[in-house]
Amino acid sequence: MVSVAARWLEAGRGRNTIGVVTHDVKLRTAVPGDYDRIAAVVDDWWGRPVHHILPRLFLDHFHATSTVAEADGDLAGFLIGFLSPSLPDAAYIHFVGVHPGHRRGGLARELYQRFFALAAADGRTVVSAITSPVNERSIAFHAAMGFTVTDPVPGYDGPGDVKVHFERPLTPADAAR
Ligand SMILES: CC(C)(COP(=O)(O)OP(=O)(O)OC[C@H]1O[C@@H](n2cnc3c(N)ncnc32)[C@H](O)[C@@H]1OP(=O)(O)O)[C@@H](O)C(=O)NCCC(=O)NCCS
């Protein structure tokens with residue numbers, strides 16, 4: 001997995017910056033040391049306690065397929081995703097967050113397109129994600145990004161839990177972005 005991401009980055013695909021709306025925001029591949037600054041902001045950015053959904057293992061083991069966005073060195077956004085080690089066709093986005101001051105400028109779209117390109121270049125054909133039904137912003141964002149949105153799935157993560165599932169096919173065009 002790491003070597004795929006490394007090849008993709010060597011090809012220059014990982015050094016993109018956002019040029020149109022948020023010209024000062026730069027994207028780079030995450031490193032394990034990004035964990036603490038991400039964990040420190042997620043409850044604030046989500047507006048509810050969510051840090052327990054992002055244990056350190058995600059940055060330790062999936063940093064090569066995750067992205068950090070920075071504006072003048074400050075955290076502007078991030079995407080935590082991975083290529084499924086068990087399902088060769090699948091990629092999964094666990095968490096995406098954008099600083100409230102950088103929202104609605106296309107940053108999450110850029111983070112997703114970068115991940116789509118990485119996953120499609122590895123031959124993955126489908127990307128999925130989940131969210132809580134209360135997260136209407138996330139549901140609107142994923143619908144806008146071309147994901148199908150399921151009805152709420154009761155018991156998804158055990159008794160009493162409810163989640164919405166998102167899925168989007170990946171095509172060679174995603175790899176070419
Ligand atoms: C959801 C989130 C990541 C979107 O980030 P963003 O950078 O503002 O999103 P983008 O600007 O790339 O939006 C792309 C499209 O998604 C849709 N969208 C994004 N935010 C939306 C909102 N609050 N309401 C409705 N549609 C929205 C729009 O169609 C938008 O395109 P437009 O701005 O041209 O209309 C951000 O609001 C966030 O960090 N929220 C808190 C964390 C969270 O809920 N993460 C997702 C669950 S893991």
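Residues are numbered from 1 along each chain as its sequence is written. Local features need pLDDT of at least 70 in this predicted model, side-chain atom pairs count only at pLDDT 80 or more, and totals for chains, interfaces and linings use all residues, while side-chain values use heavy atoms, with hydrogens and water left out.

## The surrounding shell

The ligand is surrounded by 18 residues (a heavy atom within 4 Å), the closest being Val96, Val98, Arg104, Arg109 and Asn135. Nine of the shell residues are nonpolar, five are polar and four are charged; Gly counts as polar here.

At least two shell residues come from each of α2 (35-46), β4 (90-98), α4 (107-121) and α5 (136-144). Helix α5 gives the most, with five residues. Helices (H or I, at least four residues) and strands (E, at least two) are DSSP runs, numbered from the N terminus.

## Aromatic pairs

There are twelve aromatic pairs (ring centres within 6.5 Å). The rings of Phe78 and Phe95 have centres 6.4 Å apart and planes at 35 degrees, so this pair is tilted (stacked is under 30 degrees, edge-to-face over 60, and tilted the rest). Phe78 lies in strand β3 (residues 74-83) and Phe95 in strand β4, so the pair ties together parts that are 17 residues apart in sequence.

Terms used:
Rings of Phe, Tyr and Trp (its six-membered ring) pair if their centres lie within 6.5 Å; planes under 30 degrees apart count as stacked, over 60 as edge-to-face and the rest as tilted.
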